[in-house]
Amino acid sequence: MGVIYVLITISIIVAVMFFIAFVIAVKRGQYDDSYTPSVRMLFDDEVVEPSPKKNKS
Amino acid sequence: MKEQHCFHCGDTSKVYINFDKKQFCCNGCKTVYEILNQNNLSKYYTIESSPGKNPEKIKNNYSYLDNKSVIDSLLEFEDDSIQMVTLYIPHIHCSSCIWVLENLNKLNVNIVTSQVNFSKKSVRITYKKEFITLQEVVVLLCSIGYDPYISLDDSKKSTSKKDYSLLFKLVTAGFAFGNVMFLSFPEYFEIDEFWLNMYKPFFRQIMLIFSLPVVFYASQDYFLAAYKGLKHKIVNIDVPIALGILILFTRSVYEIITDTGQGFLDSLCGLVFFLLLGKFFQQKTYDFLSFERDYKSYFPIAITKLVDGEEVAEPVHKVKKGDRLLIRNEELLPVDAILIKGEGYIDYSFVTGEANPVRKKSGELLFAGGKQTKGAIEVEVSKSMSQSYLTQLWSNDVFSINKQEKLETITNAISKYFTLIILLISIITAIYWFVVDKNSVINSVSAVLIVACPCALALSAPFTLGNVLRLLGKQKMYFKNAMVVELLPKITTVVFDKTGTLTQREESDIIYKGTQLTEEELIGVKQTLRASNHPLSRILYDHLKIDAEKKTLINFKEIIGKGIQATINDINYKIGSAVFVGATAGNINETNVYISINETVKGKYVFKNQYRKGVISVFEKLAANYKLVVLSGDNDGERKYLEKMLPKQTALKFNQKPVDKLNYIKNLQEKNEQVLMVGDGLNDSGALAQSDVGIVIAENVNVFSPACDAIIDASKLKKIPELLAIGKQTKNIIITSFILSFLYNIVGLSFAVTGQLSPIIAAILMPLSSISVVVFVTVLSNSMIRKYLR
């Protein structure tokens, strides 16, 4: 059962690593703008061809 | 049939321009479409329909953007080949905007990247400085309808970063809370199992390590606040909290070191986590709003200076006394100056609240903040910006006072008594156990202080207020912080500004009095008006809903300060003041435009400021409980109308300068009135700062608003009585939830005084009380807002 020392230590190290990763992410400004990236990822990169006209509302 | 809309901006128009099988309301919109289409950016129109903005004719001259020191003050970053700038663009409103602005490099290859921050409505552009200048970038943005708004405020170059310290503290506490809970789980069941008993000390030591950052980092705000409070001899809510944390920690450390128990580290971490969560929830910020604006946000960053007849762009803060400046049409005068050349038609509505432009002759003094509305003028600076009449208002003390420091929050008011009672109970407990069993004195007294730690109490107010702020924000009522909501129930007097607040800024109610004009005459009048740039002419021109083809005017003359005249088809039209057309002048305080045709006076147009919808009902609702005042910078031409319209007891004050408004409110406060000021412009900023709660009414919440406590969309003006009622109800909800959390404390105390508080009871009671209080206040405040605002 001595392995429990190892397991708990590893689990805590992993947890602390995630914690540090989060802090770094916040400090680098990844949470400064939480809206724009969600829209940006929906844009396609393709070259626009003359496409059929979209209906106006 | 479907209604027709402009393909670009979505506006309706009488006449459409057909181009590329699409309809456009004007040439401007068509041009933007052409630019985007040529550059393969027509996808702009498929992401959202009609995303564009009608590009106004380039009204701003960006020539100042080639001045080195102006550019330097705007740039965020610069190296040998590139420059980076962040521009604020109020028009950003949809995903098409993001798309087109992030594809600027397709419009001009010299733009390296552009990145939009949607919530701040800004775009950060990096461009090659050898091939394109900042001015060209800005003009490019304007050409596709995205005019950046550049003001003196931008020149500070401060890229203020968000303060994340509270988030870090919250995350630290949450992280520790989870892990400590996890590690103390075996102990909750008190299993006397061999293996578990063997690891107990190991688990406990890890828990202790986890709780160290919670006590020494995450909860430092509470210790600081408690210390500050005690220094000022105030027992605020932080005192019992800090005491609780301290006792929890020392007792846990003692138990773990002496191996007598597991301590209360799980409750400790949970407590700090929930408290910080409450704080975090209360801190609602709106990226796109600024509650701290002063005159700098309105002023241009640079101005055209005349040096030996040459036009030179000069940063505003470098303008000195004696400089010659050129102020173009629609430009704002940033300094006090003397008019030298040209006709001044200065619109002071922003500074004084006067609705109509003032005519100035050469040699007269012009005050900073006025906007020239007709043609270009030349002025000589009489005072530099920092000494001008307008900016001096900002040196008034009220702008440096922090309103919140005066406020005693409900929580702190109650915690005074709360702390006293707790201390009393622990003393009684100590005496009792001293008599009965000396060994358990420390045990039970520390238990009392642990249980009494007012977690649920401290959470009630932040969660209620935070929730109310959020819900009001959804209704386009944006509050600076939770304190403002707490101040609302104390209000006794409501003061309104007139121009821009009760009235709409642009539209005026126009009534025609006199002989009915024939259609031909109306067309003639409209054609005559078309040629004039006078603001009243423009309003009247828009008001006359009649199609007038463009015809050549013969003998058109504009006589400044009097009126205009023209001849069409041998009919002589004269439009202007009473003297000009030869009519007898009526009430001089009314704004009248007289019409005469072939030298016979036909009648006059009377301009009334148009009042916003619901103004009367707002006053009627408020009249029962509040004293009402209308403070106006305008003349008293509408006194009679207002007296008739508003409840009898409403006090009306006219011709109030910004300082008069400030002093008026100060006077009210000296009579122990708590004042709510509702205003809109710079002219109210002194009054807004002086009042207990200053609310700004904004047509467009994204653009201008002076420093204040809350910004409300203009359409919500009618909800002000409800807003005050919400303030009162919120207070009631907080008090009810206090009672609930007291009940929890009593239950906990009954365990503590009898010496039965085990770690597991503390670990259950603490989160249970906190969560149930949070749920309670959230449900109540949600239903309250629904009741008032729907």
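Buried means under 20% relative accessible area, exposed over 50%, and partly exposed in between (1.4 Å probe, protein chains only). The model is predicted: local features need pLDDT of at least 70 and side-chain atom pairs pLDDT 80 or more, while totals for chains, interfaces and linings use all residues. Residues are numbered from 1 along each chain as its sequence is written, chains are lettered from A and ligands numbered from 1 in the order in which they are written, and side-chain values use heavy atoms, without hydrogens and water.

**Stop 1**

The term covers a side-chain nitrogen of Lys or Arg within 4 Å of a carboxyl oxygen of Asp or Glu. Helices (H or I, at least four residues) and strands (E, at least two) are DSSP runs, numbered from the N terminus. B:Asp221 is also partly exposed, at 23% relative accessibility.

**Stop 2: a pair within one helix**

Go to helix 10 (residues 238–258) of chain B and pick B:Arg251 and B:Glu255. They form a salt bridge, with the closest N and O atoms 3.1 Å apart. Because they are four residues apart in this helix, about one helical turn separates them. Both B:Arg251 and B:Glu255 are buried.

**Stop 3**

Now select B:Lys661 and B:Asp497. Their salt bridge brings the closest N and O atoms to 2.9 Å.

Next, show B:Arg324, B:Lys341, B:Glu378 and B:Glu380. A network of salt bridges links them. Over all chains, the search finds 19 salt bridges.

**Stop 3: B:Glu673**

Look in the loop between helix 24 and strand 26 (675–679) of chain B for B:Glu673. B:Glu673 is buried, at 10% relative accessible area. Which residues does B:Glu673 touch, not counting those up to four places away in sequence? They are B:Thr492, B:Thr493, B:Lys627, B:Leu668 and B:Asp692. Touching, or contact, means heavy atoms within 4.5 Å. The side chains of B:Glu673 and B:Lys627 make a polar contact at 2.4 Å. A polar contact is a pair of N or O atoms within 3.5 Å; within protein, one must be able to donate a hydrogen and the other to accept it, and residues adjacent in sequence count only if both atoms are side-chain atoms.

**Stop 4: the interface with chain A**

Show both chains. Here, 37 residues of chain B are in contact with 27 residues of chain A. The chains bury about 3,100 Å² between them, 67% of it on carbon and sulfur atoms. Buried area is the accessible area (1.4 Å probe) that two parts lose on being put together, summed over both. Highlight B:Phe168, B:Phe175 and B:Tyr199: they supply 18% of the area that chain B buries against chain A, more than any other three residues.

How many salt bridges does the rule find across this interface? One. B:Glu102 pairs with A:Arg40, the closest N and O atoms being 2.6 Å apart.
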